[in-house]
Amino acid sequence: MKKSIEITPNIETLFGTRDENLHVLEDGLNINIDLRANAIELEGTPGDVARAEQVFSDFDQLQRGGHTFNNGDLNSMLRVLVADPKTTLRGLAEAGRQRSFGRRTVQPKSLNQRRYLDAIETHDMVFGIGPAGTGKTYLAVAMAISALISKRVNRIILARPAVEAGERLGFLPGTLQEKIDPYLRPLYDALYDMLDPEKVDRYLEKNVIEIAPIAFMRGRTLNDSFVILDEAQNTTSEQMKMFVTRLGFNSKAVITGDVTQIDLPNARRSGLLEAVDILKNVQGLSFAYFDESDVVRHHLVQRIIRAYDEHKTKVAEEQMELLDAKAPGNLNLMASDLRAREELNSELE
């Protein structure tokens with residue numbers, strides 16, 4: 001099926017740098033887009049052409065309504081759109097406008113990121129699990145700021161285990177705040193990226209934004225709060241149980257972690273791994289999982305994560321082969337094979 005649509009003012013913005021956005025639509029929707037002098041020609045199956053036509057129509061309506069697309073947001077929305085047939089460009093753009101993230105507009109850059117944001121909006125406790133660079137922490141902080149600005153919560157509480165110092169914060173100089181700051185730097189970075197530095201400092205001073213080492217949260221009930229536990233893979237079983245039972249009335253909790261980067265002495269005792277197993281059937285909770293395709297850092301990060309995963313798989317396969325070779329039956333075969341080789345060598349000599 002072929003369909004020609006009219007070229008509207010400023011439609012070239014939709015094309016992206018070197019037509020990269022058109023390539024996203026072509027690859028994701030299995031269509032061909034041909035730019036003519038006075039029209040845009042779409043070719044593909046009726047359903048795919050209709051979806052592409054809707055994208056162009058939504059873009060025109062959004063532009064007429066004064067919507068502007070910043071910092072690659074349009075490319076990100078198109079990638080989400082082609083991955084999820086239920087979404088529309090207009091729906092994604094309007095969902096972004098409904099959330100206030102301070103001085104920055106935050107758009108999900110993958111389908112899993114969109115599901116993550118939706119889960120945080122609709123559930124009181126969400127686990128975000130995946131590799132580095134997938135936006136788990138950044139998006140959690142963005143949603144916390146949105147909830148604070150819209151007065152849905154009264155404060156934000158940020159927690160993270162200080163595993164590198166074994167929770168023995170006395171080894172570091174300075175006050176308690178100065179001792180734990182190095183471990184919470186990623187959270188600070190997200191805060192300063194979305195809010196004016198003066199406002200962040202004022203919120204910290206008034207405890208509207210509170211930095212709390214997880215080791216000191218026992219016994220608290222967190223009401224009217226948005227609580228974020230970062231690097232949760234480095235919590236112990238006891239710490240995780242203590243944290244997930246702190247949630248009070250009108251509060252949300254987001255727990256983020258990367259189960260491939262556990263720094264505990266005994267990785268099998270990770271509180272995050274245990275929580276996933278124990279809480280998977282609890283109603284009201286949501287688990288959002290990310291993979292390498294959700295990485296939004298430098299493109300090399302995706303390749304690095306893939307290389308580590310491939311290496312891990314290769315090592316596991318080699319270990320299995322070694323175990324098979326050490327099985328009693330295989331050992332007998334190896335011994336008989338060795339004797340046969342020795343006899344052959346002696347005959348040759």
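Predicted model: local features only at pLDDT ≥ 70, side-chain atom pairs only at ≥ 80, totals over all residues.

Me: What is the overall make-up of the protein?
Reply: The protein has 14 helices and 9 strands. Of its 349 residues, 44% count as buried. The accessible surface is about 19,400 Å², and 50% of that belongs to carbon and sulfur atoms. Take the contacts with a separation of 6 or more: residues 24 or more positions apart account for 71% of them.

Me: Why is Glu41 called buried?
Reply: Buried means under 20% relative accessible area. Glu41 has 18%, so Glu41 counts as buried.

Me: Where does Glu41 lie, and which residues does Glu41 touch?
Reply: Glu41 lies in strand S3, residues 39-43. Leaving out residues up to four places away in sequence, Glu41 touches Lys2, Lys3, Ser4, Asn32, Ile33, Asp34 and Arg36.

Me: Why is Pro85 called exposed?
Reply: Exposed means over 50% relative accessible area. Pro85 is at 59%, so Pro85 counts as exposed. Pro85 sits in the loop between helix H4 (73-83) and helix H5 (89-98).

Me: What makes Asp224 partly exposed?
Reply: Buried is under 20% and exposed is over 50%, with partly exposed in between. Asp224 has 29%, so Asp224 falls in the middle class. Its place is in the loop between S6 and S7.

Me: What about the phi of Asp224?
Reply: Phi is positive, about 50°, although Asp224 is not a glycine. Most residues other than glycine have a negative phi.

Me: Which residue follows H2, and what is its phi?
Reply: Asn30 follows H2, and its phi is positive, near 55°. Asn30 is a residue other than glycine. Asn30 lies in the loop between H2 and S2.

Me: Is Asn30 buried or exposed, and how do you know?
Reply: Asn30 has a relative accessible area of 61%. The cut-off for exposed is over 50%, so Asn30 is exposed.

Me: Which residues of helix H2 are buried?
Reply: In H2, residues 20-29, they are Asn21, Leu22, Val24, Leu25, Glu26 and Leu29. They pack against helix H1 (12-15), strand S2 (32-35), helix H3 (46-64) and H4.

Me: Why might residues three or four places apart on a helix go together?
Reply: An α-helix has 3.6 residues a turn, so residues three or four places apart point the same way.

Me: How do you know that S2 and S3 pair?
Reply: Two strands pair if there are at least two bridges between them. S2 and S3 are joined by 4 bridges, so they pair. They run antiparallel. Leu35 has Ile40 in S3 as its bridge partner. Ile33 has Leu42 in S3 as its bridge partner. A hairpin through 3 residues joins S2 to S3.

Me: What is the order of the strands in this sheet?
Reply: The order is S1-S3-S2, in an open sheet of 3 strands with antiparallel pairing.

Me: Why are S1 and S2 called edge strands?
Reply: Strand S1 (2-6) and S2 each pair on one side only. Neighbouring strands of this sheet are turned by 20° against each other on average, direction ignored.

Me: Which helix lies across S1 and S3?
Reply: H3 does, running at about 150° to S3.

Me: What makes a set of residues a nonpolar core?
Reply: The members are buried nonpolar residues joined through side-chain atoms within 4.5 Å. The largest such core here has 35 residues. Tyr116, Val141, Leu158, Phe226 and Ile228 touch the most other members. Elements that give two or more residues to this core include helix H6 (111-122), strand S5 (155-159) and strand S7 (225-229). The largest share, 9 residues, comes from H7.

Me: Where is the other core?
Reply: Another core, of 29 residues, lies apart from the largest one. Among its members are Ile11, Ile33, Val55 and Val80.

Me: Which residues does Leu158 touch?
Reply: Leaving out residues up to four places away in sequence, Leu158 touches Leu184, Leu187, Leu191, Ile209, Glu210, Ile211, Ala212 and Ile228.

Notes
Residues numbered from 1 in each chain as written. Heavy atoms only, no water. Buried < 20%, exposed > 50% of the residue type's maximum accessible area, 1.4 Å probe, protein only. Contact = heavy atoms within 4.5 Å. Axes fitted to C-alpha atoms, helices over the stretch in contact; angles between N-to-C directions. Areas by Shrake-Rupley, 256 points an atom, 1.4 Å probe, with all protein chains shown as cover.
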